[in-house]
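Let's walk through this structure together, one piece at a time. Keep the viewer open as you read.

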Amino acid sequence: MKIASVLFFELAAGTLAIAGYLYSLPELAIASILLGGLTALGLLFLRPAFGHAVFILYGALTAVFGLFRMPPILCAGALAAALIGWDARRIAPQVSAASLGDRRRFAIVYSLRAVALAGIGVLLVAAAGTIRISLTFGSGLGFSFAVLVLAALFLRVLRRDRNSGEAKHGEDR
Amino acid sequence: MPTSLFLPLAISFALVATGLFLLNGSVIATAVPLLLFVSVRILSLPRSNNVRFERSLDTHRVTEGDEIGVGLTMDNEGRGIALLSITDGTPAALALTDGYTQFLGRLPAGGTEAISYTVRAERGLHAFGEIRVRAWSPWGLAPHESRAFLETDVKAHPRFEKLDPITIRPRRTRAFAGPVKANRGGQGLDFFGCRAYTPGDDVRRINWRAFARLDALIVNEYELERIADVNIILDARARSHSQLDRETTFDHAVRAAAGLAAHFLEQGNNVGLLIYGDYVQWVFPGIGRSQEERILDELADAKLADKAVFEELRFIPTRFFPPRSQLVLVSPLVDEEDIEIAALLIDRRYSVLLVCPHSVTLAGGAPLTEDDPAVDLAKQILDLRRDLFLGGLAGIGASVIDWRVDEPFRVACQRIHHARARRYRA
């Protein structure tokens, strides 16, 4: 999972660096490369908390790219890759006691799922430019209702996390 | 709020806020994958799993340093789980030597999986307990985390050496035949003395040379051999022991106590154990294999303690021990007060065998090196002090095993015997 994490973070850094050079922003491209290098070293040798700091840095760098009117699809793609990298680094210690083969299979399955999800997000961003929704009373009400449902689900998840209790019985042989 | 949700949510809110503030749609759009990720996390509500566990151990009682094979079987009695992580909670004192403690993969409905691994046990009572379960829904990224409790205990007894015979001479023995010289005439192997013949004496025991010389029937007497009450006192006060490289002198003391208990029990004696430190842990004297198990169980659990009540040896509850019996005190005896207490036990007519495990260490805990002359001088002073203390105790009748823990205990026991033999010869 650590390697998958580094790969995704590097993908994000690479995307931002290429975008920087393509859009004549060499300072930002160099900053991306530096961040990529720092990530590669830090993720492999430092504690998992380092991943949080790196993710925040990627968020900030992506925002700066966005401010310079970069295509949103590139920024969103890079941030999505950083998100997968961060998530993989966060999960790495949770699977560290398994065999190498199991960890490898898990990394592949988990990465594929995350990539699929991130892909949907990036596609949404790409489609955002073409979608026009007129804000009427009905659409506004629907949107508000959707937000309310999401908030309720969110609260439910939080409560469940707090009360996550014992699962199952067992017996000593 | 869990970090898995908080951080992406915080970054996406920051992006949206920045975008709104600067009226920049690109920045707002960048937050979309993060928001989608958080939404999917929230919406993919994985159900609680229905997995039954069974843990099997090769053995529940081992000797420290031995390896234990552990197997964990998991049966899925509910729906299939696309991605499952099960981690067996191995006690910290058990070092993993082979295999893996975690299962990671798919577990179909009705399916069974198993993991097996090997651990090396340190001395103590170890409890396997918690099993951590993380189950991911078929398409979600958020795991449902739960814990199953499956208590399995394993007891690691102290490792000990088989000792050569140790001679003890308690002032009082029990009524049953055994290996301890009872200081009384009767049936035995060693010559004890002569007395006048009384009707009923075995004629084979008549000393004919004495008869020729004294013109009276004299019979030879042999020294009775009986079993004895042997009570082992293990000093578990933190102040008495010093930290060595990975262990403490207490670990060595525990092994010595185990070896002595096994040795005296094997000879048929009535052996008890008192661990003095945390509280008074007392194993009532007994004989045989079951008593050895009881003593080893207690020693497996023995820990150093720093209690003000038991700071001094003077509170050893001597009423537990039969009068004039044999006491074996396993203690480094750090100061004059300890020596005084040992002398007091001898004064109370107990026969005392002192086992003094020691190792000279620096204040920081590192073992001494011979290179530094100051260190060498300090070592000599400490050795002289120890010789003075222990020599004084030997002078008033204690048997002393001065044991530097980097040598085998068996060798130290032999040394006391050799010293005795020399004393007798002299």
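**From chain A to the sheets of chain B**

Of the 173 residues of chain A, 38% count as buried (buried: 20 or more other C-beta atoms lie within 10 Å of the residue's own; exposed: 12 or fewer; partly exposed: in between; C-beta atoms are placed from the backbone). Before going further, note that this is a predicted model: local features need pLDDT of at least 70 and side-chain atom pairs count only at pLDDT 80 or more, while totals for chains, interfaces and linings use all residues. Residues are numbered from 1 along each chain as its sequence is written, with chains lettered from A and ligands numbered from 1 in the order in which they are written.

Chain A has six helices and one strand (helices are DSSP runs of H or I with at least four residues, strands are runs of E with at least two, and both are numbered from the N terminus). Read from the N terminus, the order of the elements is α-α-α-α-α-α-β. Among the contacts in chain A with a separation of 6 or more, 73% come from residues 24 or more positions apart; two residues are in contact if their C-beta atoms, placed from the backbone, lie within 7 Å.

Buried residues of α3(A) include A:V54, A:F55, A:Y58, A:L61 and A:F65. Just after α3(A), A:R69 takes a positive phi of about 60°.

Now turn to where the chains meet. In all, 54 residues of chain B are in contact with 52 residues of chain A. On the chain B side, α1 (3-22), α2 (25-30), α3 (32-43), β1 (51-57), β4, β6, β8 and β9 each supply at least two residues. The most come from α3(B), with nine residues. The chain B side divides into 30 nonpolar, 17 polar and seven charged residues; here Ala, Val, Leu, Ile, Met, Phe, Trp, Tyr, Cys and Pro count as nonpolar, Asp, Glu, Lys and Arg as charged, and the others, Gly among them, as polar.

Several of those strands belong to an open sheet in chain B. Its five strands come in the order β2-β9-β8-β4-β6, and the pairing is mixed (two strands pair if DSSP finds at least two bridges between them). The edge strands are β2 (61-63) and β6 (102-107) of chain B, each of which pairs on one side only. From one strand to the next the twist averages 30°. Helix α5 of chain A (residues 100-128) packs on this sheet, touching β4 (81-88) and β6 of chain B, and its direction makes about 50° with that of β6(B); axes are lines fitted to C-alpha atoms, for helices over the stretch in contact, and angles run from 0 to 180 degrees between N-to-C directions. Within chain B, helix α6 (residues 288-301) lies across β8 (124-136) and β9, running at about 130° to β9(B).

B:T63 touches B:A156, B:H157 and B:R159, leaving aside residues up to four places away in sequence.

β3(B) pairs with β1(B) in the antiparallel sense over seven bridges, where B:V51 has B:N76 as its bridge partner. Nine bridges also join β3(B) to β7(B) (residues 112-121), again antiparallel, with B:M74 opposite B:E113.
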